[in-house]
Amino acid sequence: MDLAFSKEDEAFRKEVRQFIDECYTPEMRRLHARSKHGYITKEAHVQWQKSLAKKGWLAPNWPEEYGGPGFTQSQKYIFNVEMSRAGVPHTIPFGPTMVAPVIMKFGTAEQKKRFLPDILETNVLWCQGYSEPGAGSDLASLKTFAESDGDDYVINGTKIWTTYAHHANRMFLLVRTRRDGKPQAGITFLLLDMDTPGITVEPIVGLDEVPEQCQVFFDNVRVPKRNRVGEENDGWTVARYLLTFERGGADYAPALRVQLERLK
């Protein structure tokens with residue numbers, strides 16, 4: 001079996017390297033070298049992701065019908081290897097990697113039209129509202145409640161360890177919409193704007209004094225029911241589907257190989 005890359009693949013590798021040389025600026029490199037987790041400032045991160053979006057490479061795993069690049073498997077591998085080898089900033093995953101596939105699978109036509117283009121172009125940043133005080137790994141015990149009121153849900157409660165909530169424009173979150181029965185059967189998956197009245201974001205400052213995690217409080221926050229993804233009380237199904245994308249899957253392999261080479 002011939003496992004060598006084709007001439008087209010090697011031409012693509014050259015294209016990826018040229019893109020990195022042109023768009024990964026010295027200032028980004030300086031900021032990234034000082035970063036703990038591969039993230040830089042919000043402004044620089046948006047600049048980097050918009051460069052990827054302009055090239056059509058922000059979301060390598062998206063289907064072409066939604067704006068994905070249509071990479072072959074070898075191109076996807078080369079892309080991930082070269083990005084890892086160059087040490088570029090991670091793409092903030094909450095929008096393109098996590099909630100976008102959920103919207104593609106469970107969202108309405110209107111939701112796909114409204115949310116996906118902005119995610120693909122990095123016009124908005126997302127955060128994930130899952131964990132709560134006392135409901136971290138035991139996510140089914142979450143207590144943030146969304147009460148039905150006409151065409152809206154009214155949310156009260158809190159989320160914690162919400163990464164970059166202080167930078168985000170939108171959040172996808174799990175709320176309880178029923179208190180009786182099996183806990184997993186009373187959860188609903190919602191999308192909301194972070195500038196909605198009643199939302200308070202408090203950054204959690206760590207020992208390095210750089211806030212990444214936040215606690216988010218909801219005080220009678222109204223969210224239109226048209227922002228529900230999937231059926232009411234069936235958000236656990238949606239959340240489990242999202243988790244298949246959260247951990248990266250096979251896309252981690254090229255980066256791990258690069259790190260192993262460095263260790264050697």
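Analyst: Happy to. A search of the whole structure finds 14 salt bridges, a salt bridge being a side-chain nitrogen of Lys or Arg within 4 Å of a carboxyl oxygen of Asp or Glu. Before the details, please note that this is a predicted model, in which local features need pLDDT of at least 70, side-chain atom pairs count only at pLDDT 80 or more, and totals for chains, interfaces and linings use all residues. Residues are numbered from 1 along each chain as its sequence is written, and side-chain values use heavy atoms, with hydrogens and water left out.

Let's start with K55 and E15. Their closest N and O atoms are 2.9 Å apart, and the two form a salt bridge. K55 belongs to helix α3 (residues 42-55) and E15 to helix α1 (residues 7-23), so this pair ties together parts that are 40 residues apart in sequence. Helices here are DSSP runs of H or I with at least four residues, strands are runs of E with at least two, and both are numbered from the N terminus. K55 is partly exposed, at 36% relative accessible area, and E15 also counts as partly exposed, at 34%. On this scale, buried means under 20% relative accessible area, exposed means over 50%, and partly exposed lies in between (1.4 Å probe, protein chains only).

R114 forms a salt bridge with E110, and their closest N and O atoms are 2.7 Å apart. Both residues lie in helix α6, 4 residues apart, which is about one turn of the helix. R114 is partly exposed with a relative accessible area of 24%, while E110 is partly exposed at 34%. Helix α6 spans residues 109-120 and also holds K113. That lysine, K113, is exposed, with a relative accessible area of 70%.

R222 forms a salt bridge with D152, the closest N and O atoms being 3.0 Å apart. This pair links distant parts of the chain, with R222 in strand β7 (residues 213-224) and D152 in strand β3 (residues 152-160), 70 residues apart. R222 is partly exposed, with a relative accessible area of 40%.

Finally, there is a group to look at beyond these pairs: E10, R13, R17, E82 and R85 are linked in a network of salt bridges.
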